[in-house]
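I set out below what I looked up in this structure, entry by entry.

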Amino acid sequence: ACTDPGPMDPEQQRDLLADIVPEFVLAVRGESGDGWAGAVFDEPDVPAGVQLAVVPGDQQPAPVPGTGDADLDRLTLDSFTATFCPLGYFTPFVEPGRDACHRPELTVLAGFPQSVALSWDEPGASLSVALDAPAGSVLRIRGFPDVADKRLGAGPLRLRLSDGAGWTHDIEWSVPKSVVEPVEELDWDQLVHAFLIWQTDTVELPVAVDALTLEVLGPDAGAFHLVSLGLDPS
């Protein structure tokens, strides 16, 4: 870790890299981040407290909504507009009707993951999905705020998971800083320069859950991408 004076001390740098590197490797290469610690920390042993392989490549949770538009039918939407976004880069010319995916606008999106673009225009938007999860199951959600949607502001994006019977778990995703470059004579009117990689939250369910609800607590309007939501099979 760098020892020069700066906004983060060496321990903070280690913690940040331990969070980012495995996720980045998985997003870009589609494999586990195991084995990358030596190159990052330049040390034979991983520092105490550093957790590697935040999302091991061979233990990815089942994605929501699945693999295509039809799988959106599995979701019960309330005040959300949902658009399935296939894996990879594309433009509205190639994939008509998927403008909400904002592939051309988001210029630095790690891995261009398959996702569901979710937007809302009023407070309290939510989605629900059936889930067969006994108590003690590990639930993992991945996603990222859509910085091409100006309504998000500076964030954060605040979400709540609940089972409808009293259990809740709140999530907060930061909205990356971005620089907007106007463009002309295209189907999209801006390029948004911001490094984007999905953010991950993992929670052990204290109770059995047969239906899961994801609700937006704030802001009142905006958009985000849901990359995956499911149980860790490990």
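Is C101 buried or exposed? I worked from a predicted model. I found C101 buried, at a relative accessible area of 0%. I then checked C85, which also counts as buried because its relative accessibility is 0%, the cut-off for burial being under 20%.

Entry on the disulfide. I counted 1 disulfide in the structure. It joins C85 and C101, with the sulfur atoms 2.1 Å apart. The pair links distant parts of the chain, 16 residues apart: C85 lies in strand β2 (residues 80–85), and C101 lies in the loop between β2 and β3 (106–109). I noted -100 degrees about the S-S bond, which makes the link of C85 and C101 left-handed.

Entry on the sheet. I traced an open sheet of 5 strands with antiparallel pairing, in the order β1-β5-β12-β7-β8. I recorded β1 (76–78) and β8 (168–173) at the edges; each has a single partner strand, so one side of each is left without a neighbour in the sheet. From one strand to the next, the twist averages 25 degrees. I looked up the pairing of β5 (residues 126–133) with β12 (residues 209–218), which is antiparallel over 6 bridges. Opposite V129 I found L212 in β12.

Entry on the whole chain. I listed 2 helices and 13 strands. Of the 234 residues, 45% count as buried. The chain exposes about 11800 Å², and carbon and sulfur atoms supply 51% of that area. Among contacts with a separation of 6 or more, I noted that 74% are between residues 24 or more positions apart.

Notes: Residues are numbered from 1 along each chain as its sequence is written. This is a predicted model: local features need pLDDT of at least 70, side-chain atom pairs count only at pLDDT 80 or more; totals for chains, interfaces and linings use all residues. Side-chain values use heavy atoms; hydrogens and water are left out. Two strands pair if DSSP finds at least two bridges between them. Helices (H or I, at least four residues) and strands (E, at least two) are DSSP runs, numbered from the N terminus. Axes are lines fitted to C-alpha atoms, for helices over the stretch in contact, and angles run from 0 to 180 degrees between N-to-C directions. Buried means under 20% relative accessible area, exposed over 50%, partly exposed in between (1.4 Å probe, protein chains only). Contact means heavy atoms within 4.5 Å. Accessible areas come from the Shrake-Rupley method with a 1.4 Å probe; for residues, only the protein chains shown count as cover. A disulfide is a pair of cysteine sulfur atoms within 2.5 Å.
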